[in-house]
Amino acid sequence: MAYAELHCISNFSFLRGASHPEELVERAVELGYAALALTDECSVAGVVRAHVAARAHPGFRLIIGSELRLRNGPHLVCLVASRVGYANLCRLITRGRRAAAKGDYLLETADLAGSMEGCLFLWIPAAEPDPREGQWLAAAFPGRAWLAVELPAAGSDRRRLDELLALADRLGLPAVAAGDVHMHRRSRRRLQDTMAAIRHGVRLDEAGYRLAPNGERCLRPLTILNRLFPARLLQESLELAARCRFSLDEIRYEYPEELVPAGSTPTGHLRGLTLAGLQRRWPAGVPGEVARLVERELSLIAELGYESYFLTVHDLVDFARSQGILCQGRGSAANSAVCYALGITEVDPSRMSLLFERFISRERNEPPDIDVDFEHERREEVIQYLYRRYGRQRAALTATVITYRPRSAVRDVGKALGIEADMIDRLARNLGWWDSGAPAPDRVRDAGCDPDQPTTRRWLALVTELVGFPRHLSQHTGGFVIARGLLEELVPIENATMPGRTVIQWDKDDLDELGLLKVDVLALGMLSAIRRALGEVSRFRGKPLALADVPAEDPAVYDMICRADTVGVFQIESRAQMAMLPRLRPRNFYDLVIEVAIVRPGPIQGQMVHPYLRRRAGLEEVSYPGEAVQQVLERTLGVPIFQEQVMQLAIVAAGFSPGEADQLRRAMAAWRRKGSLGPFEQRLVDGMRERGYDESFARQVFRQILGFGEYGFPESHAASFALLVYVSAWLKCHEPAAFCCALLNSQPMGFYAPAQLIRDAREHGVEVRPVDISVSDWESTLEVDANGQPALRIGLGQVGGLSGAAGRRAVALRSESPYQSVQDLALRAALSKRDLEALAAAGALAGLTGHRHRAGWRVSGIEKPLPLFPVPVATEGVPLLRVPEEGEELVADYRSLGFTLGRHPLALLRRRLDELGWLPLGELASTADAAEVRSGGLVITRQRPGSAAGVTFVTLEDESGQVNLIVWRQLAERQRRVLLGARLLGFHGRLQRQGQVLHVIASRLEDRSPWLGTLATASRDFR
């Protein structure tokens, strides 16, 4: 007898289900099941992944459903029979999730009454069934309710079967077989038990009846099911499954309509806005080539029915601009002439020589792609505008699935197994941010644990299984779904952790799989910094400076970029980018586009970087295997740099249709996760050979495609980013004080901490003035130096421990009259003892007291006024407290501010460092290539990109300069604790020089952090 499993949860029932949705589908097919219902608890978060897996098996039916525990009613499974039923289930899940805090739900019987057309129900009776629950279900859903008989081999299955069959007869409910499946195989039982212990917050040996009695909550072979269940119950599962005809393929997205004025059409309104925008862009007349391009784009947009999408994005950008919020669109469609006319992007298509050739495709019928970056501090205004504009019933953020990573898995599994807390902590801290699996045996030994001990082996095995499992749903960085009708009829909506936000239960990949459209409303710190910098320059210079006023193609800016003088500059401030800049030597805007894209995993893994650099330098001939290939690759010297070029190569050189090229693009984006690129290799090689290309060229192209699977950067995105690269570089070049000021006020962002930003500004001639309660605003500001140029005054916002409300209050009251003393400040601004201590520790009270020690003394004597008696003002003598020594000032600066305006910390240690033989880092520039060197410095960044084959890049700093240290995988594993934990890192290594680029290959590391004493330093670590 065949069978359809009707009650099955996946690991999207967080910490309950022990298998991925795809695993459940594949196992059900393997066992010969006719159908599988995925019924995660009050959720459909995993159904898209199951749907994609089921597509590969024609004839196998995936049923969508959900398990529901009603607060005042039965335990149910709801199964979707039709499109109407799916909409009703999504609405029900939304109601339950929105009625409770994030991660929970609340449903009662009244929520189901009269609103569940198109749904079928299974009653899951308790161990002691309450007949009233079955009676309610039978009355509420006549002809659509069943009693589920679940037999988990608990020792009393025969009695349980007889009892449930008798109960079903008594209530007039048909009985059906079901499995209460939690895992695809029995072998996951150990993990399932562990997750149960984690969920309940207890140790495994204390979990007791919270654990399943056996491993039978799995997909079981048909032979076993036929022995357990009467044939009629198995047959009933097939008949019930046959009534469930809905598929996610039936979902259709419809764009919102209300942006079109009455009496107009979407086509006419978009055309009117575009033509008006063209007149603004080119008041002297629109160039003929641009006009022709706009007409082609508008025709294609109308043909594919995408007008409402462009109108939606235009409305969003128009709102932001009306509020003075800086924004910039990017994406394949964002760099179209239409988007330039609409103001969605500032990338002039004529300046780009029309980089893209097809921004949306007639053949692929692919939705447009526009991401809009907004100032990171003001994006919430845009998000709330969307909610007001469309309502929470029609707009929500997409979800991000937060999964277990090694550190979190080590901690949670360790607690469940009862491992000692200090052992768990040591092992977790010994894992790098780059680790992707269970700790290797050496890491376990380093933590003081024996990897061969049985409990440790069990710990590591469970960690291996748990890594990659979903932990919870979080909100996407900005992907918004906006629907014409009720969004909750497409996908359930639930509360986010952040107040005022809601998210759908699907993530970005799920939306892509179903072809549903989203608008990315993203946050970008550099936009906040650019807006602030433009404002500071406008105020200081006395004339407005807007983004459009920044002069294009300034040679001085490119000279600075070629020197790799780019600390703080958008996208090109990392050590890898700084190493590339003197080699690529950008001299125009398109060079910046390439620079943004080339230091990415795709080009690096595809071995495209060095051929491009050699050809650019004239060291290698630029050649093409054919004219068609030349048309695609000519602008990048015969080397594919951009994702679009790879797609075009597949079309012109291998005969792919546009639709096949789109499948290739999607596969490129997913192949590391799904391993789906294999089928394309032979197709590509055969197609190129048929068109006269060498097989070696075809294999090379495929290797490059594999590289893009790591992270291929689209040309359209690179163009949008390159504009911000240029603007931020122009500001750094010509207005370094305003640029640094803006970066400080926009933290946290970027590659470098405030200490490095301030040091760089001072090296560019900017006078930086200390934080001072008598003159500093909350944000850092510009003042006039002795030469009439801008000086940078550090703001109170940089003071650690000072509350924003207190700091802003102190600034506002100071405008009425200057503060005369610490007591005057404390009383007038109503500052707490903690706020006063923070100001004293930062040296911000030195103007009122003379120095830190006196400030601390004054603060300690401040008394809080009583309700009836004011604090008496008494004149005290000046205490004979010594001035802090330089080292004390430095330590206090770093503890409170994270930087110092005094000497660099290592300047105070230079004598000891010289005794060690540490060369000042600044002297490495004059050291011979390949020389063996010994030096060290404060760790300011660590980076281990996925494309770097396990190489870790460490940036060190001392009083004389910085150096980029390269740590190969073997050394990193051998000295992992030093690499991850050292704040003052020494090295032995070999210097390597390539033109102006210099770095050191480390051969040995040493941790000298104890020499820093209590100095509080921290690095920024990146993947």
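Is Thr 849 buried or exposed? Thr 849 is buried, because its relative accessible area is 10%, under the 20% cut-off. The model is predicted. This briefing covers the sheets, a few selected residues, the cysteines and the aromatic pairs.

**The seven-stranded sheet**

- An open sheet is built from 7 strands, with mixed pairing. The order is S1-S2-S3-S4-S5-S6-S7.
- The edge strands are S1 (4-5) and S7 (175-178). Each has a single partner strand, so one side of each lacks a neighbour in the sheet.
- Strands S3 (residues 61-69) and S4 (residues 75-80) run antiparallel and are joined by 5 bridges.
- Arg 69 has His 75, in S4, as its bridge partner.
- Helix H9 (residues 231-242) packs on this sheet. Helix H9 touches S1, S2, S3, S4, S5 (119-123), S6 (145-150) and S7. Its direction makes about 90° with that of S7.
- Helix H1 (residues 21-31) lies across S2 (35-38) and S3. The angle between H1 and S2 is about 160°.

- Strand S10 (residues 395-403) pairs with strand S11 (residues 470-482) through 8 bridges. The two run antiparallel.
- Within that pairing, Ala 396 has Val 481 of S11 as its bridge partner.
- S11 also pairs with strand S14 (residues 519-524). That pairing is antiparallel and spans 2 bridges.
- Opposite Gly 479 stands Asp 520, in S14.

**Thr 849**

- Thr 849 belongs to helix H37 (residues 846-849).
- A polar atom of the Thr 849 side chain lies 3.0 Å from the backbone oxygen of Leu 845.
- The Thr 849 side chain also reaches the backbone oxygen of His 851, at 3.2 Å.
- Beyond its neighbours within four places in sequence, Thr 849 contacts Val 822, Arg 854, Ala 855 and Arg 858.

**Glu 783**

- Glu 783 sits in strand S16 (residues 781-784).
- Its relative accessibility is 18%, so Glu 783 counts as buried.
- The side chains of Glu 783 and Arg 793 make a polar contact at 3.0 Å.
- Leaving aside neighbours within four places in sequence, the contacts of Glu 783 include Phe 540, Arg 769 and Val 775. Gln 789, Pro 790, Ala 791 and Arg 793 are also among them.

**Helix H34**

- Helix H34 (residues 804-814) has buried residues at Ala 806, Gly 807, Ala 810, Val 811, Leu 813 and Arg 814.
- An α-helix has 3.6 residues a turn, so residues three or four places apart point the same way.
- Helix H35 (822-828) and helix H36 (833-841) are among the elements that cover the buried residues of H34.

**Gly 208**

- Gly 208 is in the loop between helix H7 (189-200) and helix H8 (222-228).
- Gly 208 is exposed, with a relative accessible area of 52%.
- Gly 208 and Gln 682 are 474 residues apart along the chain. Their C-alpha atoms are separated by 55 Å.

**Cysteines**

- The structure has 0 disulfides.
- Cys 218 takes part in no disulfide. The nearest cysteine sulfur belongs to Cys 8, 10 Å away.
- Cys 218 is buried, at 3% relative accessibility.
- Cys 449 is buried as well, with a relative accessible area of 15%.

**Aromatic pairs**

- The whole structure holds 13 aromatic pairs.
- One of them joins Tyr 558 and Tyr 726. The ring centres are 5.8 Å apart and the planes meet at 40°, so this pair is tilted.
- Tyr 558 lies in helix H21 (residues 555-562), and Tyr 726 lies in helix H31 (residues 715-734). The pair therefore ties together parts that are 168 residues apart in sequence.
- Both Tyr 558 and Tyr 726 are buried.
- Phe 121, Trp 136 and Phe 141 form a cluster linked by ring pairs.

Methods: Residues numbered from 1 in each chain as written. Predicted model: local features only at pLDDT ≥ 70, side-chain atom pairs only at ≥ 80, totals over all residues. Heavy atoms only, no water. Pairing = 2+ DSSP bridges. Helix = DSSP H or I, 4+ residues; strand = E, 2+ residues; numbered from the N terminus. Contact = heavy atoms within 4.5 Å. Axes fitted to C-alpha atoms, helices over the stretch in contact; angles between N-to-C directions. Buried < 20%, exposed > 50% of the residue type's maximum accessible area, 1.4 Å probe, protein only. Polar contact = N/O pair within 3.5 Å; in protein donor to acceptor, adjacent residues only side chain to side chain. Disulfide = S-S within 2.5 Å. Phe/Tyr/Trp six-rings, centres within 6.5 Å; stacked < 30°, edge-to-face > 60°.
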